[in-house]
Every structure is written in structure tokens, then in C-alpha cells.
Amino acid sequence: MWTIWRSEWKTTSRQKSYYTILILWLLVISLLIMLERTNGAISGYTNMTGTIVNIMLYILPLFMLIYGSFSIANEMENGQWRLLCTYPLEMSSYFFGKLGGQFTAQAVSYSLAFWLSMLIGLMTGISIFLHWMLVLYLFSLLLILFFLCFGLFLGSFVSTRWQALTYSVGVWFVLIMIWPTLLIAITSTLPYPMIGAVLKTAMFINPAEFTRFFLVAKLNAGSIFGQAYDSIVPLFEQGIVWGVIFLYAFAVIAVLGGLSIWKLTRRRAN
């Protein structure tokens, strides 16, 4: 596993696109922070925070889905997968090595861009609260982890990069772009007493919604979600939320990883 981890990290960090994305993150976050310069200190859940969160929700999951799915699809397409199958390699080591290497590479890239942007903001006279920075940073890392895992899951079921791109965009479109519309369409057909339970269940099904709820609650703005979520907002505002995040991350990785390992094992047998 550690060999694949290191190999994946080195391969990803040597690509030109890796540094292009780093520059993109730096520019986007810096420009968004600079827009807040005339509004004083950045703290809590403001309009600017909402804008930054929405942009992260649009861009990060799509990039991570593509990176994750391409990581496996590329090896399927160029024949490297067949070579790996000749070695006594456990598919669990292969999957988690891929996940660890990709997450390390993407987290380092994003972290560098994020903290440089915060430094630029502080140097230009913008007051940014540490709690705000840490919550937004953790929110971004969770998105990277969850959707890289989702991308590797998709990569396990495809044979070409074109298929990987198609599936990645399709999943991104459903989970990010039309998710609110989908929920409205579903809940409009349900009896009123069931709506709250369905909305809360849907939040745990979609990692993007879960991480967004976590960020908003930690910035003491959980009330914006409405009465349906009142029963779980206190859970995310207390210290127990870290245990909830750990269990949720474990469940997501276990489910997606287990299905991916099962599929990769079957493909190897064939």
C-alpha cells in the first residue's frame, strides 16, 4: 500500500496540471478574500462566506471526481492494470494506496494555495478570524477526501478515461447541481410529517450536503436550514461533532472502498 501511496503522490505532483490547479486555487481564493476588504473583518457565516462555500462546492467535487476516476481509468486504458495484476497485490492495498496518494497530493496543493491566500489577505489589511479559516479549511479537506473516494469508486467500474469523465460529470451534476431541485421534487410528493426525516436522511447520503451543513453549523448559522434540521443542529455545534465526522468519513470510505475493492477483485479474476 505504501509503495502505491508514494507512487501516486509522485506521479500526481509531477504533472503540469497539478501546478495549474494550485495557481487556480490561489487566484480564486485570493480574489474572493480581496472582495471582502471593504466590509471589515471576516468572521461567521456572511454573504462572502456563502459565496466562497458555493464556489468550493462547485469546483472541488468536480476536480476530485475527475482526478480520482482518471487515476484508475488511465491504468486500465494504457495496460498498466494488467501488469499490476501479475503481482501478488491485494486490491485493498491498491485502493487505499491510491486514495492516500491522491489525497496527500491534492491536500498539499490546496493547503498551500489556501494559506497563501489567507496570508495575502492579512497582509493587505483584511481581518480574518482564525476560527473562520480553520472551519473553511477543514470543510475543503473533507470535500477533497469524500469526492476523491467517490472518484476512485467510479474509476473501478470504467475502462477508459472518456467513461470516467462522463461518469464523474454525471455524479457531480446530480450531487451538486440539481440536488436541491431533486429534493424539492421528491418532498413535494410526500406527506408533511415525512419531509423532515427525508431531508435529514438525504443530507447524510450526499457528502457535499453533509460537509456544508457542518461548516454552517460550526459558524453558528445552523438556523438558516429551517425547522426540519433543528433537532440535529445542536449536535453539529457541540464537541461531539468530531466523532460524528469521523464515523461518517469511516462509513463513506468503507462503503465506497468496499464496493471498489469488490469490483477490482472481479476484474482482476477476469
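The model is a predicted one, in which local features need pLDDT of at least 70 and side-chain atom pairs count only at pLDDT 80 or more, while totals for chains, interfaces and linings use all residues. Residues are numbered from 1 along each chain as its sequence is written, and side-chain values use heavy atoms, with hydrogens and water left out.

Ile176 belongs to helix α7, residues 161–177 (helices are DSSP runs of H or I with at least four residues, strands are runs of E with at least two, and both are numbered from the N terminus). With a relative accessible area of 11%, Ile176 counts as buried (buried is under 20%, exposed over 50% and partly exposed in between, with a 1.4 Å probe and protein chains only). Ile195 comes 19 residues away from Ile176 in sequence, and their C-alpha atoms are 20 Å apart in space.

## The chain as a whole

The chain has 12 helices and zero strands. The order along the sequence is therefore written α-α-α-α-α-α-α-α-α-α-α-α, under the DSSP assignment. The chain is as compact as a globular protein of its length, because its radius of gyration, 20 Å, is close to the 18 Å that the globule rule gives for 270 residues (the radius is taken over C-alpha atoms, and the rule is 2.2 Å times the number of residues to the power 0.38).

The C-alpha trace spans about 60 × 55 × 30 Å along its principal axes. Of the 270 residues in the chain, 48% are buried. Among contacts with a separation of 6 or more, 80% join residues 24 or more positions apart.

## Leu148 in helix α6

Helix α6 runs over residues 130–155 and includes Leu148. The end C-alpha atoms of α6 are 37 Å apart, which agrees with the 38 Å that its 26 residues should span at 1.5 Å a residue (the expected span is 1.5 Å times one less than the number of residues). In α6, 22 of the 26 residues are buried, so the helix is largely enclosed by the rest of the structure.

Leu148 itself has a relative accessible area of 0% and is buried. Its contacts, apart from neighbours within four places in sequence, are Met64, Tyr67, Gly68, Leu99, Gln102, Phe103 and Gln106. Pro207 is 59 residues from Leu148 along the chain, and 11 Å separates the two C-alpha atoms.

Lys218 is part of helix α10, residues 207–218. The relative accessibility of Lys218 is 14%, and this residue therefore counts as buried. With neighbours within four places in sequence left aside, Lys218 is in contact with His131, Val135, Phe236, Glu237, Gln238, Val241 and Trp242.

Asn220 sits in the loop between α10 and α11, the latter being residues 233–237. At 64% relative accessibility, Asn220 counts as exposed. The phi angle of Asn220 is near 60°, a positive value in a residue other than glycine.

## Helix α12

Helix α12 has 29 residues, and the distance from its first C-alpha to its last is 41 Å, close to the 42 Å expected at 1.5 Å a residue. Its buried residues are Val241, Val244, Ile245, Tyr248, Ala249, Val252, Ile253, Leu256, Gly257, Ser260, Ile261 and Leu264. One of these, Val241, is also in contact with Lys218.

## Pockets

The lining of the largest pocket has 22 residues, and Glu8, Thr11, Ser71, Glu75 and Lys98 lie nearest the pocket's centre. On a 1 Å grid over the protein atoms alone, where a 1.4 Å probe fits, a pocket is an open set of points with protein on both sides within 12 Å along at least five of seven lines; lining residues have an atom within 4 Å of a point. At least two lining residues come from each of α1 (2–13), α3 (47–78), α4 (80–84) and α5 (91–123). Helix α3 gives the largest share, seven residues.

The second largest pocket is lined by Glu75, Met76, Gly79, Trp81, Arg82, Cys85, Ser159, Arg267, Arg268 and Asn270. Two or more residues of this lining come from each of α3, α4 and α12 (241–269).

Definitions and conventions: Contact means heavy atoms within 4.5 Å.
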